[in-house]
Amino acid sequence: MPQAPRPRLRLLEDERWLALVLLVPTMVLLGMFIAYPFVRGILLSVTNSRVGVPGEFVGLANFYKIFNDGIFRTSVYNTFVYTGVTTVFKLSLGLWLAMLLNRNFRGKAFTRAFILLPFIIPTVLSTFAWKWMFDPTFSVLNWLLYHFGLITGRINWLGDPDLAMISIIIVNIWRGVPFFAISLLAGLQTISPELNEAAAIDGARPWQRFWHITWPLLLPVTMVVVLFSVIQTFADFQIVYVMTGGGPANATHLFATYAYQIGIGTGLLSEGAAISLAMFPILFLVVIIQLLYIRRVEVR
Amino acid sequence: MGQVVLKGINKFYDSVHAVVDVNLQIRDKEFVVFVGPSGCGKTTTLRMIAGLEAISSGDISIDGNVVNDLAPMDRDIAMVFQNYALYPHMSVYDNMAFGLKMRKFEKAEIDKRVREAADILGIGDYLKRKPRQLSGGQRQRVALGRAIVRHPRVFLFDEPLSNLDAKLRVQMRVELKKLHLRLGTTAIYVTHDQVEAMTLGDRVVVMKDGLVQQVGEPLELYNQPANKFVAGFIGSPAMNFANVTVTEANGSLLAENSGLRIKLPDETAQRLRGHVGREVTLGVRPEDLTVAGAADADRPCFDAVIEVVEQLGSEILLDMKVGDGVMVASIEPTVRVKVRDKLRLAMRPSRLHVFDAKTETAI
């Protein structure tokens, strides 16, 4: 006669207990690395704690302070410009690249892998390379432009507030396009080529086929990719930190770099936390809107 | 009008010669079916007519105009795809209207044509639905509707029924035939199903390995197959073949192999005069075999052992061992037979086919 399993094992046969056991690792990880820091951030932002000073509860004083801070306002403005401009370029370039890669040509697999390079190289490493390219003295860009006779003097890429912003935007686009291209390519490959053939016979010219067939069918994938990209770009840190450190004269700060500068650089922990948290409602709204939109598109 | 002429059409994919020198004249209002096993080049030929595939050499003309270099949209054709290729994000109505919208038809005219087509096909109730809310048969109708609203010169069908279940396929086959009678538009239809080819086609083009094997009316293919491939491909169950040696005895010709020794009827013997002593392939269809009775003494007869009995109700299929070979016979459902029975069968003398053993062409 088979032995009855021991009571402890029997407990796991109950689906409710089993579910709990299976969920525990995820809950621990999420709790330790997301929920706890998040809650600590909120608690920190309503105190006046500094490095070495535990601080006391001060209510919303920190938020009041940062909203009256000119550099904070510039960072907010910068973050929106940075996210908006790069997303438009990353989407259009990525889509264009994806459409090219979706064709049949020799060396297709190699090219597809090659395209991913900017995405694979550690950002800090590739950003340092870009920093050299934008360096006022050693800039290879200046050298090229000069030798093609397009400029006569040096362009101080990272020294001018507007050019510095353009420079970090270029680097972000360069780094982000592969993610768009490969994700959209995956989306394109789920669209049956017969649909395009049917449309071609139906009398649709290439751009009409794109607009009436490819674009609407790719939209759910596009929305997800844009969602991810917006979140990442909005909270971007590495590129700006390495390229300009927020300079010149705090002209290129984003939420994350400014929060770091205030919180860690200056040691005003609570104010830094407040700056980081100011990002949250905006991102939350973006996520909600896009998720609702994705659901609507998918139901169609 | 809708006359399609293929002149010396070839298609190469790198080193593969997918379509070999196809010549064909399709008349206005004709229903022509391309049939053959997969990889025979029939779909490639259709796609070249549609303009979805470039022609390696040759000319395709529609109503006298060479269309080799015209885009699909400028050829005035409509195509129904195997997987329907309905636009998933558009309603049934928009799917059918899309081609007309692209061609800048008036809204009222589009509406009139879509509703007319929906009426013909009985899909008027589903116009607002999305393709994925429809059954396979309904999707097939929408695909047909999308083609007929355009009033094109030529319909192209790429295995349109192969995704439907058997019962629906038979039903849609009949409807396609009716639709063609009603609209009278030239139709070119590709299938691997010889029953579809026989039932739908005014003429049937049998292809194999990129080569046209025979072009003819369905009964012509059935009665006078040009070679062993066509003979075996057309008709179900397939024709029986036996390799035999032609011998002469007492002024008449005999066909012999290990299990068969039959006297060839005069008409067949005439054709085989020059083949005495040589090997040929004898072909006879299952339905041209009968259980031999007293009246069949002068017919070619042979003995067989039954291995499998398949009762189909309207007929009985017998799988039999004849000498070293096997044959299938389709006999009257009233005959009582069982496995391992020995049976003497007679062939209808006028229905005997003979093929060259090497070239496989009909003699």
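Predicted model: local features only at pLDDT ≥ 70, side-chain atom pairs only at ≥ 80, totals over all residues.

Visitor: Scores first, then. What are the ipTM and pTM?

Guide: The ipTM is 0.83 and the pTM is 0.80.

Visitor: And what's the mean pLDDT of chain B?

Guide: Chain B averages 89, with 100% of its residues at 70 or more.

Visitor: OK, on to packing. How do the axes of H2(B) and H4(B) cross?

Guide: They come within 7 Å and cross at roughly 30°. Since angles under 35 degrees count as roughly parallel, that makes H2(B) roughly parallel to H4(B). The crossing is right-handed.

Visitor: Which residues make that contact?

Guide: From H2(B) you've got Val92(B), Asn95(B), Met96(B) and Gly99(B), and from H4(B) there are Val142(B), Gly145(B) and Arg146(B). By class, that's three nonpolar, three polar and one charged.

Visitor: What about H4(B) against H5(B), how do those axes cross?

Guide: Helix H4 of chain B covers residues 136–148 and helix H5 of chain B covers 166–183; their axes come within 11 Å and cross at roughly 20°. So H4(B) is roughly parallel to H5(B), and the crossing of the two is right-handed.

Visitor: Who meets whom there, H4(B) to H5(B)?

Guide: On the H4(B) side it's Gly136(B), Gly137(B), Gln140(B) and Ile148(B), and they meet Leu168(B), Met172(B) and Leu183(B) in H5(B). The classes come out as four nonpolar, three polar and no charged residues.

Visitor: Staying with H5(B), how far apart are its end C-alpha atoms?

Guide: They're 26 Å apart. At 1.5 Å a residue, the 18 residues of H5(B) should span 26 Å, so the two agree.

Visitor: What follows H5(B)?

Guide: Gly184(B) does, and its phi is positive, near 65°.

Visitor: Switching to the interface: how many residues of chain B are in contact with chain A?

Guide: 17 residues of chain B, in contact with 15 residues of chain A.

Visitor: Which elements of chain B each supply at least two residues of that side?

Guide: Strand S6 (77–80) and helix H2 (92–102) of chain B. H2(B) is also the helix whose axis comes within 7 Å of that of H4(B).

Visitor: And how does the side of chain B that touches chain A divide by class?

Guide: It has 13 nonpolar residues, three polar and one charged.

Notes:
Residues numbered from 1 in each chain as written. Chains lettered and ligands numbered in written order. Contact = placed C-beta atoms within 7 Å. Helix = DSSP H or I, 4+ residues; strand = E, 2+ residues; numbered from the N terminus. Nonpolar A, V, L, I, M, F, W, Y, C, P; charged D, E, K, R; others polar. Axes fitted to C-alpha atoms, helices over the stretch in contact; angles between N-to-C directions. Parallel < 35°, antiparallel > 145°, perpendicular 65-115°, else oblique. Left-handed = near helix turned anticlockwise from the far one by under 90°. Expected span 1.5 Å × (residues − 1). pLDDT = per-residue confidence, 0-100.
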